Amino acid sequence: MADETGEAQLQVRFITKQEQYAVSDSPYAIQSNVQPLELNKLLNGLLKETKPSIEKSVEFDFLICGELLVTSISECLQDKGLSTEDTLEIEYLERFPAPSPQDCLMHDDWVSAVHTHGNWILSGSYDNSIHIWNTKGQHKLAIPGHTSPVKAISWVSFNGDQAVFVSGSHDQSAMLWVWNVSRNSVECVVTCRGHDKGVECLAVSADSKCFATGSWDNNICLWSTSLSDEDNVPVKKKQKPEQGNTREPTSVLKGHREAVSGVQWMDFNTVVSSGWDHLLKIWDCELGGIKQEIAGNKAFFDVDWSPLTSSLITASADRHIRLYDPRSTDSIVKTTFTSHTGWVQSVRWSKTRDTLFLSAGYDGLVKLWETRSPKTPLYDLSGHEDKVLCCDWSNPTFLVTGSCDNTLRIFKSKHATGNA
Amino acid sequence: MPPFKAGLKRKVRSEKTAENVVEDKDSNSDNDGEDLLKGDLDKESDATDSEHEDIDAGSDGERDEVLFDDSVDSVLEDEEPGDDSLEESSDLTDSEGDESDGSEEGDESQSESEAEQSADSGAETGTAPSAAGSSDESNKKEKREIQKKESIKNKTPKETEKQQTNKKQNSKNTKQKEKIKMNSVDVLASKIEETKVSTEPVQQKDEYESGDTSDEEDRVNTAGDVPMWWYNEYPHVGYDLDGRRLIRPPQRDHIDEFLKKCEDPEFWRTVRDPATGQDIVLSKEDLQLLERLRSSRVPSAEHDEYEPWVEWFSREVLATPLRAFPEHKRSFLPSRSEQRQVARIVHALKMGWTKTRRELAAERRKKKERNFYNLWGSAPGAARPGPRALPAPRRALPSHAESYNPPPEYLLDRKEMKEWEKLSETPWKRKYTFLPTRHASLREVPAYPRFVRERFLRCLDLYLAPRAIKMRLTINAEDLVPKLPSPRDLQPFPTGEVLRMRGHDALVRSADFDPSGQYIVSGSDDGTVKVWETQTGRCLRTAALGAAVARVAWTPAAGLSLVAAALGRRLLLLNPGADVGAHRVAAATDALLAEPPPQHDVLMDERTSSCVQWETVDAEQWARGVRISIAHFKPVTHVSWHARGDYVAVTLAEGAARAVVVHQLSRRRSQLPFRRAKGLVQCAVFHPHRPLIFVATQRVVRVYDLVKQELVRKLQAGAQWISAMAVHPAGDNLLVASYDRKLVWFDLELSARPYQTLRLHGGAVRAVAFHRRYPLFASAGDDRYLLVAHGMVYNDLLQNPLLVPLKQLAGPEPRGELCVLDVRWHPAQPWLLAAAADHTLRLYA
C-alpha cells in the first residue's frame, strides 16, 4: 500500500489567484507522496523559468479542495477520499510569513486587555491601570483611574493630537478618555455608569460614534462616544464630578441570562454578543431587540466578527474555536479549530486577510490560524509563560497579546508582498 | 428232451426277434430272477407238458402268428417288460396268498397265475390237451387248463385264418422254426451257424417296413391305452382289428437269453417290444437316432443347426413388403400396461416399499464402510428410553458398630467371636457383614494409606468425567449491570482540569462560588480567606483573619455580599469588598450591617446566650471586611446558609444538645433548635425551600420541621460515620457521604432507606455536592479521584432517580491523609471546584 502510494504518479495543475505568481496551465506529473516543501521547490523552479522578474524564492501554501496542504498529497487525498487518477488542481498562494517576536512589554500585573491603533498600543491591567505604549515598546503613559481590574479597552479615534480611547473595568464603569499625544496628558472625559456589575468587554463601532459594553449584570449597554455631554446628561445624576462627567447608556440590551463575555459591532447598528449562557445574540441597536440567536453548548468567552468573510469566530469554555456563519440555516458551525490544550480566552480576526485569525489560550500559546486548515494552525506564537488573556490584531503589522505573566508581547508580521 | 425242445424253441424265437441289449441291466436281472422262478415252476409243468410235445409241434403255425403279433406290438410298446416284471412279482405273492385262503378272489388270482404259467410255459401247455393226470396242481387248476384248452380251441379257427394270411410274409421264419423243431441237440452248433446265416436276412429286413405293411393290413393291437400287464395271464396280448386275439409270442428263459447273448452278435441291439413281446433289432439309423436323442440333439441328422439366417423382417423397406397392412394405432401410443407398471413402481418408490438400484448400491456401500461407534458422542435421544429408572433404596446409615472406634458394647466378646467363627461357612447368617474392630485413631485403620490416594483418584474421576448433568445457570456479568445511558449522552459534565488557583499557604479547607458564579471564595488553614475570579483564576482579594478557616460559605442572597467563614469558635461574616462583585450590593450590605438592630428585638434565652455571643466588630476587623462576628462556646465545624440568606445554621463540634445553632442575621439573634442531643452532630443543612433542617449525626440523618418543631423523618444511612451531606435543589433527594467510602443517595419520597449506595471511592468521602441546574453531583475525599455522576431526578413521582457515574477526575496529589476537602459546583456552568489539600483550588470543566 505504501509502495503503491509512493510510486503513484499524479497529474496536477497549479492555479493561483495571485497573478504575479501565475504559471502555465499545463498539468504536471509528480509523485503522489510529495510534501509541500518539495512542491514549493517545484513551483519556484517553474516561476524562475517563466518570470525572471521574481528573484527571491517565494514560499507558497498549497490548497487542495479548499484545505491547506500540511501532509503529503497522497495522505491528503486519502483523507478526502479523492482519486489519484484525475488531474488534481492545486491552488497555491504566497505563504503568510511567520510573525517574529518583536517586543515584550512588562506590566505590574496581569494584562487583561489590549488594543492597537497605528503605532499606539493600549493595554489594561489587573492593577486597575491603563497603559499607553508605542509599537517600538516605549511606555508612554500609565493611567490610574479605575478601581478594579481593567477588562476591556479600545481606541476610539485619533484626531491629530487628540486621541480618544475607552476602557471598561470590573468597577462597573466604562471610561472615555482623551489623550493628548503631544503633551502626553490624559483626561477622563466621561465615566459611563449603567452596569450593575463589572464590565467585561467593549467594542467601538466602525464610525467611532458609539460603543457597546457587555457586563456581568447580563446587559449590553450602548454608549455615545461624544466628548461633550450636554445632550444626554441627566441633571439629577450629576452629583459625582470627581472623574469628569457621568454618562448614562443610550440603550440597554437585555436578554442574556448570564454574563456577557464578548461584544462586537457587525455594522453601524448591529451588535453581536456572546454570553456565558451559551448564546450568541445579534442585536439590532436601533430597535433594541434580538435579530438572531445562535446557541452553542458551552459558555462563550469571546466573539469576533469579520466583515471580510461575514462570519463569526468564537472562543468558548473548551479547547475549540468555532467558526459560525450566521447566514446559514442548517449547520451553523462551519468549522471547528482544535489545537489549543486549554480554554481559549480570546480570538481576533485579521483586519486585512479574510482567512487569518488569532487566538489566545490558557495553555500559554497564541495561535495564528488559517480558516482552511482546521487541524493545525499556521503558526504557534510562543513566549508567554502563563495564560494568555487577550490578543489584538487591529494593526495588520502587529500581533499583540497580553498574558497572566504580566507581559504584553508584540509580534511583527511581515506583510506578504501579494495580498489577496 | 422236452425241455431242450422248449429251449430250442426259445432260442429260435430269440433269434427271430433279436432282443435288445440296450435294455436296463437291472430289469434284465429281475427278469432273470423271475425267469428262474418261473423256470422252476415250468419244470414241473414241463414235466407234465412234456408228454404233449407232439401236439405242440403240430400247432407251430399258431405260435408263429403270435410271434408276428408281438413284433407288431413291439413297435408301439417299449415299456412293457418293466411293467410285466413288476406285475409278475406281485402276482407271485398274490398266488401264494391265494393258495392259503381259497376265497373267490383267490380263485381269480389262481386262475391268473395259471394263465401266467400257461403263458410262461408257452403254447405247449395250451397245445397239450391231456395235462390233468400227472400234474401236481389241484383239480381246479386242471379244470382251468381244460377251459383254456377249450378257449384255445375256440381261437384256433381265427388263428388259422391269420396264419394263412401271414404265411407268405413269414415264410422264411417258419422254415427256420420248423428246422429247429425238427433238428436235435446234436446239430446245435451247425444250427447256430445257420442262425447266423439266417439272421442276416432278418437284419436286412426293415422292421418298419413290415410294420408299415402290417399297418396296411390292419395288423394292429387294438388293446388300447391300457397297461399291458393286464394281459399277463392270458395267452394273447391284445386283439387285432378283426377282434381276433393276438397270441403272445413264446418267451425265452434265462439260459436261452444267455446263450443268445453269447451267440448273437446283434444281441446288444436287440430290443423286446413289450406290446407284442417280440425282439426287434435296431438298425444303424435307429442307433444313431438314439444317440442323438441321448445327447439331446435334434433327432434327424439332416437337420442343420447352423443353417444361414435369412432376415425376413429387416429395417429395409421392401417394395413388396411381407406385411403390407398399415401400422396399428397401438404402435404409436404409449403402452397403457407399461404405464401402469411404471406407475406402480413409482408409487412403491414413493412409499418406500422399494428402492432404486442406486439407493440399494448406496446402502450396500454404506454397509461396507467401517462404522465406528462414537464413544464420546451424546446419546441420540436426550432421555434414556423406557420407564424412569427406580433409584436404588438408600443404604441405612452407618451404625456405631461401623465406626473405626466402636463403643465396647459393639465389639464382639469371646462368646460372640466363637459364634462368628462358627458361622464362617455361612457368613450371611452372621450378625454383621463386617467384624467391628477397634482402632486407636482413624489413621490406624488399615485402609488409611490407600484412602487418600483413592479419594484423590476418585476426585480426579469426578472432575474429569462428571456423571451427572450439571444444571448451570449461565449469567453474564454484563447482564447484571443495569442498563445505563452512555456518558456521552449525558453531557455536559466536567472532563478535565482547566484552572489551578495557587495562593494559599496551607491546605484549603473549603471553597464556595458566589451566587452568580463570577467569584470563588476559599478558606484555608493559613488563616486567610481569598476571593478569586472564576474565569481567570485571579486572586482578587485576600483577607487574613488570623486563624485557620474551617468553612466558608457565600450567602445565596443576591442582594447581599456576604461570606460566612468559620474560624475556630467564631463565625465571621465578611463582605468581600467593593472591588469584588457589585459596588452597590457591597455598599448595601455594609449599610445593612453597620447598625445593629434595636436591642429589644434581640431576644435570646439564657441557654442560647450561654453558648452564642454576637460580638461587636472593631474598626480594624471592619477594614478587613469582617462585618459580623459571632462567638460560640465550641469550635465551628460546619456552616450552611438558608436559601434566603437570612439564616445560617452552624454546627459546633462536641456541642451535644447545643451542637446546632441557627443564627438570624437580620435580627442578630440565635436559636438552639434542639433540646436533647441525639448523637455527634456532623452537619446541619437547610432544606432549599421548605422549613426543614437536615441534621446528620454519626449514622443517622434526621429531618426536622422547624415550624412545627418536630422530627419528620429519620434516615438510616447504613454508614459508620457520616462526613458530609448535600440536599438536591429540588429538596426531595439527599446525598450523604461517609468516612467509610460510601456515598448514599436517599430518595425522601421513596423511603427512609437508602435508594442507592455508591461505593466508588477508595478512601473516605469528605465532600459531596449537587449542581444547582444540571443533573450532576460530585463527591471527593481522600482518594485522588473526584467522582462526577449524573443524578437525574424526575418530576414524575413514579420514576426513580437515575444515577450514572460519569467520570473520575484525576484530583490533586494527596497531602498526608488528605486529598480533596471540599467540592462545589459552579451555579450556572457544569464546572466543578475542588479545594485541595495541596494548597490549591482546582476548577474542572
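1. Basis of the note. Residues are numbered from 1 along each chain as its sequence is written, and chains are lettered from A and ligands numbered from 1 in the order in which they are written. The model is predicted, so that local features need pLDDT of at least 70 and side-chain atom pairs count only at pLDDT 80 or more, while totals for chains, interfaces and linings use all residues.

2. The contact between the chains. Chain A contributes 21 residues to the contact and chain B contributes 13 residues; two residues are in contact if their C-beta atoms, placed from the backbone, lie within 7 Å. On the side of chain A that touches chain B there are 10 nonpolar, 6 polar and 5 charged residues. Here Ala, Val, Leu, Ile, Met, Phe, Trp, Tyr, Cys and Pro count as nonpolar, Asp, Glu, Lys and Arg as charged, and the others, Gly among them, as polar.

3. In the model, residues 253-284 of chain A are 0% helix and 69% strand, with the end C-alpha atoms 9 Å apart. Residues 381-412 of chain A are 0% helix and 56% strand, and their end C-alpha atoms are 11 Å apart. Helices (H or I, at least four residues) and strands (E, at least two) are DSSP runs, numbered from the N terminus.

4. In strand 24 (residues 300-306) of chain A, 7 of the 7 residues are buried, so the strand is largely enclosed by the rest of the structure. A residue is buried if 20 or more other C-beta atoms lie within 10 Å of its own, exposed if 12 or fewer, and partly exposed in between, with C-beta atoms placed from the backbone. Strand 24 of chain A pairs with strand 25 (residues 311-316) of chain A in the antiparallel sense over 6 bridges; two strands pair if DSSP finds at least two bridges between them. A:Phe300 has A:Ser316 in strand 25 of chain A as its bridge partner. The hairpin has 4 residues between the strands, and in it A:Ser310 takes a positive phi near 55°.

5. Chain B as a whole. Chain B has 21 helices and 33 strands. Of its 845 residues, 36% count as buried. Among contacts in chain B with a separation of 6 or more, 59% join residues 24 or more positions apart.

6. An open helix in chain B. Helix 17 (residues 448-464) of chain B has 17 residues and reaches 24 Å from its first C-alpha to its last, close to the 24 Å expected at 1.5 Å a residue. The expected span is 1.5 Å times one less than the number of residues. The number of buried residues in helix 17 of chain B is 0, so the helix lies largely in the open.

7. A five-stranded sheet in chain B. An open sheet of 5 strands runs in the order 10-11-12-14-13 in chain B, with antiparallel pairing. Strand 10 (549-554) and strand 13 (612-615) of chain B are at the edges with a single partner strand each, so one side of each has no neighbour in the sheet. Strand 13 of chain B is joined to strand 14 (residues 626-632) of chain B by 4 bridges, and B:Gln613 stands opposite B:Ala631 in strand 14 of chain B.

8. A four-stranded sheet in chain B. Another open sheet of chain B has 4 strands in the order 5-33-32-31, paired antiparallel. Its edge strands are strand 5 and strand 31 (820-825) of chain B, each of which pairs on one side only. Strand 32 of chain B and strand 33 of chain B pair over 4 bridges, and B:Ala835 has B:Leu841 in strand 33 of chain B as its bridge partner.

9. Backbone points to check. Most residues other than glycine have a negative phi, and most peptide bonds are trans. A:Gln172 has a positive phi of about 75°; it lies in the loop between strand 12 (162-169) and strand 13 (173-180) of chain A and counts as buried, with 24 C-beta neighbours inside 10 Å. B:His839 has a positive phi near 70° and is in the loop between strand 32 (832-836) and strand 33 (840-844) of chain B. With 19 C-beta neighbours inside 10 Å, B:His839 counts as partly exposed. The peptide bond from B:Gln491 to B:Pro492 is cis, with omega near 5°, and B:Pro492 is in the loop between helix 18 (477-480) and strand 5 (497-502) of chain B.
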